[in-house]
Amino acid sequence: MGYRKMKKMRIGYWPISTSMKSAGDRRRLLFWAQIRGHEVVTDLSQKVDVIVASEMADFNSIVLRKSRAPVIFDLVDAYLSPRNPYEDFARGVAKSVTGQISGKIRPFSHHVSDFCAISKAVICSSIEQGALIQPHNLNTHIILDSHEEIPFVEFGDPFGKQGYRILWEGQPATIGGIGLISTAITKLAQTNNLSMSFVTDEMYFEIMNRFSRRSTVALLKNHLGTLANYAKVIPWSPANLVSSAMLSNIAIIPIDTSVPIQRLKPENRLLIMWRLGLPCLTSDSPAYVRVSTEVETITVCRNLDEWYQNAVRLLSDPDLARIQVTKGQDYLRQTHSKESLLKKWDLAFDSVMG
């Protein structure tokens with residue numbers, strides 16, 4: 001079925017970042033609205049046709065609670081699954097003290113579940129998150145990020161490079177996973193000329209993305225120890241990511257699966273690596289296991305031995321690496337095209353506009 005053109009809308013948006021330049025803003029609502037020609041405003045006192053609230057919104061705001069316009073909740077992270085009650089309550093306290101959440105102090109997941117229930121629709125980014133949200137709102141839509149800002153890159157022969165280079169990409173908050181596989185990387189470095197590129201923010205905020213500014217280099221040293229000598233932090237940008245990928249042999253996405261908000265993240269980062277023409281190894285999170293099974297390729301590592309052995313296999317066998325990338329890019333074209341993402345956003349808005 002082709003695209004059914006809807007009327008141009010004025011969308012009120014409570015963004016993740018005030019600049020609206022974060023990935024959660026530009027790769028999601030803004031990607032769709034710009035292409036479809038809808039206007040997005042952040043002043044929610046203005047007259048709008050619909051409101052989209054990110055997870056950084058004040059869910060108890062009178063503007064949201066009393067809005068005559070339908071409200072869509074774009075819930076990117078798995079806040080419905082806190083690590084434990086204490087951390088959940090602490091997050092609720094922090095959100096209240098810093099002024100993000102008004103009203104009674106409660107565990108943050110309670111705020112999130114209540115807002116899911118009163119929203120006309122909820123959009124999330126993975127099948128696993130959708131299963132957690134649907135008990136609170138049956139009108140749940142699963143939409144991955146758009147990666148259109150990153151070009152498709154053909155697989156490059158890893159033997160054409162000097163030594164082996166490993167690529168890691170993401171936000172500093174997820175760098176902790178690298179420490180969990182440092183033993184495997186150390187073993188790999190003992191017999192290979194190894195270097196690592198970390199394409200990420202050079203500085204980050206340790207608390208709530210707002211407080212306690214820290215150096216990413218220092219964070220890497222904390223998690224890697226002497227292995228940090230093999231690592232280089234490269235400021236994140238689409239251009240830097242592409243150039244770093246073209247100099248790399250494989251990508252890795254190790255995550256701490258004991259932390260629910262990490263374990264339940266979607267497959268975006270794996271899809272980005274395939275888009276960049278890189279074979280990739282990941283931890284055994286539900287999303288990565290699901291995609292690896294669908295694509296029928298080796299990406300998931302369940303223990304340190306698998307991290308080491310799979311890395312050796314991909315680095316020593318360019319045909320195996322090429323097969324993974326080819327299958328991955330075929331999967332992207334079939335399931336994650338720009339058109340398919342746009343249609344999913346269309347359906348989400350159609351579901352609340354009546």
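**Figure 1. Helix α12, residue by residue.** In helix α12 of this predicted model, the buried residues are Asn 268, Arg 269, Leu 270, Leu 271, Ile 272, Met 273, Trp 274 and Arg 275. Here "buried" means under 20% relative accessible area, "exposed" means over 50%, and "partly exposed" is in between, using a 1.4 Å probe and protein chains only. Helices (H or I, at least four residues) and strands (E, at least two) are DSSP runs, numbered from the N terminus. Eight of the eight residues of α12 are buried, so the helix is largely enclosed by the rest of the structure. What do the buried residues of α12 pack against? Their partners are β7, α10, β12, β13 (280–283), α13 and α15, where contact means heavy atoms within 4.5 Å. Gly 277 follows α12 and has a positive phi, near 80°.

A note for every view: residues are numbered from 1 along each chain as its sequence is written, and side-chain values use heavy atoms, with hydrogens and water left out. Because the model is predicted, local features need pLDDT of at least 70 and side-chain atom pairs count only at pLDDT 80 or more, while totals for chains, interfaces and linings use all residues.

Figure 2. Now look at α10, residues 238–246, where Leu 241, Val 242, Ser 244 and Ala 245 are the buried residues. Seen down the helix axis, these buried residues fall within an arc of 165°, so they line one face of α10; the arc is that of the directions from the helix axis to the C-beta atoms. On the other side of α10, you can find Ala 239 and Met 246, which are exposed. The buried residues of α10 pack against β7, β8, β11 (231–235) and α12 (268–275).

**Figure 3. The largest nonpolar core.** A nonpolar core is a set of buried Ala, Val, Leu, Ile, Met, Phe, Trp, Tyr and Cys residues joined through side-chain atoms within 4.5 Å. The largest one has 32 residues, and those that touch the most other members are Ile 178, Ile 185, Phe 198, Leu 224 and Ile 252. At least two residues of this core come from each of β7 (164–169), α8 (182–191), β8 (194–200), α9 (216–224), β12 (250–253), α14 (304–316) and α15 (318–335). Helix α14 gives the most, with five residues. Apart from this core lies another, of 26 residues, including Ala 245, Ile 272, Leu 278 and Cys 280. In soluble globular proteins, nonpolar side chains tend to be buried together.

**Figure 4. A close look at Ile 185.** Which residues does Ile 185 touch, not counting residues up to four places away in sequence? They are Ile 178, Leu 194, Met 196, Leu 227 and Ile 252.

Figure 5. On a 1 Å grid over the protein atoms alone, a cavity is a set of points where a 1.4 Å probe fits but cannot get out, and lining residues have an atom within 4 Å of a point. Grid points are joined across faces, edges and corners, and a volume is the space filled by probe spheres set on the points. By this rule, there are four cavities of 30 Å³ or more. Two or more lining residues come from each of α8, β12 and α14. The lining divides into 11 nonpolar, no polar and no charged residues; Ala, Val, Leu, Ile, Met, Phe, Trp, Tyr, Cys and Pro count as nonpolar, Asp, Glu, Lys and Arg as charged, and the others, Gly among them, as polar.

**Figure 6. The second largest cavity.** This cavity holds about 60 Å³ of space. Among the residues that line it are Tyr 79, Ser 81, Arg 83, Glu 87, Arg 91 and Val 259. Helices α4 (85–97) and α11 (260–263) each supply at least two lining residues. By class, the lining has six nonpolar, one polar and three charged residues.

**Figure 7. Two residues with a positive phi.** Most residues other than glycine have a negative phi. Met 20, although not a glycine, has a positive phi of about 60°. You will find Met 20 in the loop between β1 (10–14) and α1 (23–26), where it is partly exposed, with a relative accessible area of 23%. Glu 296 also has a positive phi of about 60° and sits in the loop between α13 and β14 (300–301). Is Glu 296 buried or exposed? At 62% relative accessibility, Glu 296 counts as exposed.

Technical notes: On a 1 Å grid over the protein atoms alone, a cavity is a set of points where a 1.4 Å probe fits but cannot get out, and a pocket is an open set with protein on both sides within 12 Å along at least five of seven lines; lining residues have an atom within 4 Å of a point.
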